[in-house]
Amino acid sequence: MIWWLLPLVSVSDAPSFAADVAPILHRRCASCHMGDKAKGGWSAETYGRLTVPGDTGETPLVPGNPGASELFRLMASDDEFERMPSSGDPVPAEELEVLRDWIQGGAEVPTEQQDVSLAELSARSTRHAPAPEHYAHPLAVTALSFTADGQRILTSGVREVLAFDVTSGRLVHRYGGLPQRIHSIVPEGEGSIAVAGGLAGSAGELRRVALGGGEVAPAVDVFRDLALGVAVSSDGTKLAACAADGSVACYDASTGRRLWKSELHTDHVADLAFTATGEFVITASRDHSAKVYAAETGELWTSYTRHTQTLPDREMYQHAIFAVATGPGSDRVVTAGEGGEVHVWEPRLYRAEDGTASQMETRFKAKSHVRTARLSGGDILDLAVTADTIYAATRSGEVVALDARPEGGLKATVLMSRPGDACFSLALSPDGERLAAGTSSGRIFLWDLLVDPSKAPAEPLLIVRP
Amino acid sequence: MFTTICLVTAAWSQAAAPVSSDEPAPVSFEFELLPALTQAGCNGGACHGSPNGRGGFAMSLFAYDPEADYETLVTGGLGRRIDLIEPGASLLLRKPLGEMSHGGGVRLAEGDIGLDIIKRWIQEGARGPEANGVRLDRLEILPEGPVLRTFPEVEEPLTATAYLSNGETLDVTSLVSWFSTNDGIAEVDAFGSVTGKGRGQCAIVARYLDQLVSVPFVFVQPVDGYEWPELDEYNFVDELVNERLRELQYFPMQTCDDATFLRRVTLDLTGLLPEHYYVKKFLEFGAEDKRARMIEQLLASDEHAAFWANKDADLLRLTRANLKEAAEPYATLLRDSWRSNQPYDELVRGLLTAEGAGAAYYQALPDATTRIEATTQVFLGSRLECAKCHNHPYEGWTQDDYYRIATNFSDGVVHARTKQGIAPWAGETSAPLDERRAAFADWLTHEDERFFARVQVNRIWAELMGRGIVEPVDDFRSSNPPSNEALLDALAKDFVASGYDRRHTLRTILNSQVYQRMSEPRENDEPDIELFSRQRRRLLSAEQISDAVKRVASEGERAQLIGGAMLGRAVASQRAREIDDEFSDWVNRTRASLEESREAALGPWQITEIFEAPDAFEHDFGVEEFTSDPLGVQGLTWTEHTEWEDGVVHPLKMPGNSAVYLTRTVRCAAAHTLTFSLGSDDGLRLWVAGKEVLTRKVSRGAAPGQDTVTVPMPAGASSILLKIWNGGGAAGFCFSAGEVVDVRLMELLEMEAGPGLDAAQEKELRDRHRSGDDEWRQTTEYLAETESKIDRWFASLRLVQDAGDQKAESERITFLRAFGEPARATSCACERSKEPTLAQALQMLNGAYVGSMVRAAAERFRPMRTGVDDLYLAVFARYPTSHERDTVNAYLDGGDVARWEDLVWALLNTQEFLFQH
């Protein structure tokens, strides 16, 4: 019983195509009228397709006239030999009512939705069950962020985002209506945040939440598996998200319209970031590669493959990449993941020195600009960066600072070590003065970087357990 | 909407609710959760237990690494697998429950104990492995068995108890993974309840973490009118086999007739068909014990030694490609071992400790991995390769055991998990490789009774009976129990008591009534599969068929060669006796002449590493105090250079200001002076028999004869020590000393005078003497040639598998390969294929090899007066029936040779010819 996904049936009197109509049509028609073998030559894949007559030649949709719309007529028919769906129960009266009202009202569909699949439109309109009132256990902190004003810490909850006061650690607000798991939170200016999450193995969502509260808007986009990362370009004009189904997508921040989507990764895309100039989107994937996309077009610019080494005369490994961080202020990219590997590189320099033939790797590696370090604490799950320092969180429960200055040699200092309590997430306050880390036991630790960052906070600021 | 949620929440809390008023103990990760996952099949080898897991989710195979599994489950996949707040949303539940697509399908259902454990574990906060170091000591299954049940009462509940290292016990009956080794005989459910399904025996096996325990079951189905027939029992083999048959109510077969026995035993022991005149004689022979006498005669034959050595050669991977020039001596060693009936433990010890030609054992197994895997498969009957990467899934072998055994066979073994060395399986960690190998050989052959003797008698049994008591013969494990444990034990005990006498075990089995049973199944009786109520019909092996076909075609030629060889042997030994009368005179003469001469015999050079020091010429690098015995100096590594000839300059790679030491032995038959001639680049120092006799600190290029020195030598062996110093630039040396005599001869003579000669050395010295005689030498050469012709012409056995002979004999080799001759690429008995194939049918019906043999045989038998009878004796080792004789004669009457070819072809393509029965 998948009870944490409750479809939206009807909320207001004027039916909306995306929220009300698309889910009904998708539910009732998709099993037969989809893809190349759509029955009767009629497809219900998108609005654009369903208005095209099938083999009978009858017009499916006549705006303002349900009776003349073949689509509606067949669904509402009393004759069980012609009624649709041809197998299964008739469409319930309340759903027919929604369809009739929508056609009667002119069958309006916003232009940007006309070629979006009904499956996607209905998924976006999923309304989630409320969050549990109390948590039986502290919740692993898989997503962590400061608000734009630096006053609050936002963490992942169950079907919600939790807001805590940064000084007292008190829970101050719960933003519900979100999917089961939350894997990434980023502030979009003062008033809103973007959230990536979903239900493991089944669905992913990118949502935007107004910090002032109010009605939950439909998802910006949906995925076939958990959405794991979301990022905002530094000028605030673009939004990008990635998911466990291997996809990466970029959106116009003002309209939410998708600019491009890429499915070149072959495994989970765990994280992504815009470069400081906003020119590129960099991804981190379990498929052992980091990809560089042109932010404007989604064109693959290059693939960073140095987390994998397959030279027969050296140690051979293939490391998943779990985290990527960029900037600030330069083209610098930091990627990290399995094996405790941290790589510092720049897309332009990398593409210039990267050969195509694998046997050339040795030669290029010798004079590569890439700086690397390998942490003893094992897999790195998240990163946070300032101009001089790279902070890394590890599966073995460490928070490590690496000296990223040119002369620093990526020297590592362990800031915290909690064996057995994996550190899933890191966040820097917008002013760069505070660092927060979240662990699998639900603890959040806070460092004042101006005072003495090398000491571990003795006590967590808070434990995520409403 | 809220109703739904409340209902579900209620369902969850119900699962968590304590059954009684006592709060249940929290779920243990190691002792409950992981076994539950194993039971559901999650961490099996085909699923998430495979090295790369499935769908990015990889656990350790059958949970051998709990810490890693915990991390994988809780923090792996970025934490997506477990949801502590809403356990039902956990992938770990939704996938196996079939709530979403899952490559492994639905693995759990409501009501399963495993499901309850996983739910509770998540609800309780997904607690990790306990840090208190408690381990599973042992798993006990009750009843232990063997369990005997008679239909229809064939149900038996088993219980499983885990004993932990802290003294606690857990009832794990519903947590272990139960399985039956034969579902046709018994099934077992998830709660350990066994139900018999058919007549026979099988084992019920329980797996719990790294423990595997099996319980033997026997199910008897009473057979209407079952009565044990009157039957001879010749020895303990018969008693033990019959006991089992009686228990399970199978009928034993009666003893086969003489013709069948002769064909069977000759093929089994020599791989050859009995010669047809031999068959006639045997059938007519009246002695009561003629079968036992025939067995003795065959056991003593060279053909037997070769045929059985060939079985060893298969397992030991004896090929020219593997062994180069070491192949022939290795083959000889294996054949001689059978010929002289060497105790088996002695043979194996020789192989494992790389004694003499036995060194080829390791040469055929070049790396640490093949060494351990081949050794354990061949001698322990265990397949250990799985344990290289994880604990063996079906046996008690752990990954640690694997690397411990590997340490016995190679230097520098590193454990895959700990990345460190490990103590050897047998012997001391600090012991050098030789001693570690010897320690393993001791353990294998004498300290542990579970493997060595049992594996070997089982192999012998399988060769004679067509199926092992444990089958496959190299897969001994508790989940693959012997079909007759008492029989296997008794044979092994008898083998040990006989002093590991393989011939004794062969004799015991061959003389049993069980071996001599008929192979025809009894009418209306469901034959047993593994209890040996009758002989098995077996397709002849590649070599057997090939030789059988050849023998039918050309037995006469072979008889001629054998006659020649016998004559040659007689002449050679007569002549040898005559020559040997002179032996002691010859020894004395030779010794005297050596003593008179002023010659010396020189051993090969040995050289140290290069030492550097500013005063390298004068500096003693720890050698110069021991100039009489430089090889005895501790901590030096000497490298032998047999290829360095005397009188030639040998360049050395040395930096400036460095020195190197060279040494060799010099033997003089008597005390006399000897002149050494040297050259060096740059300086040199020379010690002979412990005294410094030459010192030259010069800067020069090396040339022969730059320095000479004459030294008085004692009789016997002394050491020469030469130090070469390089001041800078090139370096090298040159050495010679008189004429060199036959070193080996001198050694042999010295031993003859001193400690005495062993048998091999005695023969070597005598042969040196005899080879001075032309008649003896020529006869011996003729004999060797004739014997090799016999081998080449008739024996398809290829003790040394040679790529070179493929061209010459391509027809026969293609034939052999089609019938399953192994390429000796593995140590598995299964490499010799016993499956019938289309290629075999084509070879027999119209292959080139069979074609030429059919023509030859037709030519041979056609002119004979009783040609048809003789042909039948040659092909089937029996006379034709009168019906057969009439039919055949009618067909041949008036026809040409083509009719005879048809007849031979038809007979060769009968099952009676192609099978052993």
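**Reading a two-chain predicted model**

Student: In strand 9 of chain B, which residue is the bridge partner of B:Ser180?

Tutor: The bridge partner of B:Ser180 is B:Ile204. Helices (H or I, at least four residues) and strands (E, at least two) are DSSP runs, numbered from the N terminus, and two strands pair if DSSP finds at least two bridges between them. Here, strand 6 of chain B pairs with strand 9 (residues 200-208) of chain B over four bridges, in the antiparallel sense. Before we go on: this is a predicted model, where local features need pLDDT of at least 70 and side-chain atom pairs count only at pLDDT 80 or more, while totals for chains, interfaces and linings use all residues. Residues are numbered from 1 along each chain as its sequence is written, chains are lettered from A and ligands numbered from 1 in the order written, and side-chain values use heavy atoms, leaving out hydrogens and water.

Student: What is the order of the strands in that open sheet of chain B?

Tutor: Four strands make up the open sheet, in the order 2-10-9-6, and their pairing is mixed. Strand 2 (147-150) and strand 6 (177-180) of chain B stand at the edges with a single partner strand each, so one side of each has no neighbour in the sheet. On average, neighbouring strands of this sheet are turned by 25 degrees against each other, direction ignored. For angles, axes are lines fitted to C-alpha atoms (for helices over the stretch in contact), and angles between N-to-C directions run from 0 to 180 degrees.

Student: Which helix lies across strand 2, strand 9 and strand 10 of chain B?

Tutor: Look for helix 6 (residues 236-248) of chain B, which runs at about 65 degrees to strand 10 (211-220) of chain B.

Student: Okay, now one residue. Is B:Leu298 buried or exposed?

Tutor: Buried means under 20% relative accessible area, exposed over 50%, and partly exposed in between (1.4 Å probe, protein chains only). B:Leu298 has 10%, so it is buried. You'll find B:Leu298 in helix 9 (residues 290-299) of chain B.

Student: Which residues does B:Leu298 touch?

Tutor: Contact means heavy atoms within 4.5 Å. Leaving aside residues up to four places away in sequence, B:Leu298 touches B:Val265, B:Thr266, B:Leu269, B:Thr270 and B:His304. Take B:Val265: it is 33 residues from B:Leu298 in sequence, yet their C-alpha atoms are 8.4 Å apart in space.

Student: How many disulfides are there over all chains?

Tutor: A disulfide is a pair of cysteine sulfur atoms within 2.5 Å. The search of the whole structure finds one. It joins B:Cys828 and B:Cys830, with sulfur atoms 2.2 Å apart. The link is right-handed, with 125 degrees about the S-S bond. B:Cys828 counts as buried at 11% relative accessibility, whereas B:Cys830 counts as exposed at 55%.

Student: What is phi of A:Ala107?

Tutor: It is near 50 degrees, a positive value in a residue other than glycine. A:Ala107 lies in the loop between helix 4 and helix 5 (118-124) of chain A, and is buried with a relative accessible area of 4%.

Student: What are the domains of chain A?

Tutor: Domain bounds come from an automatic or database domain assignment. For chain A this gives domain 1 (14-125) and domain 2 (128-463), with C-alpha centres 41 Å apart.

Student: Last one: what pLDDT does chain A average?

Tutor: pLDDT is the predictor's confidence in each residue, from 0 to 100. Chain A averages 88, and 93% of the residues score at least 70. Over residues 1-12 of chain A, though, pLDDT stays under 50. Where pLDDT is low, the predicted coordinates should not be read in detail.
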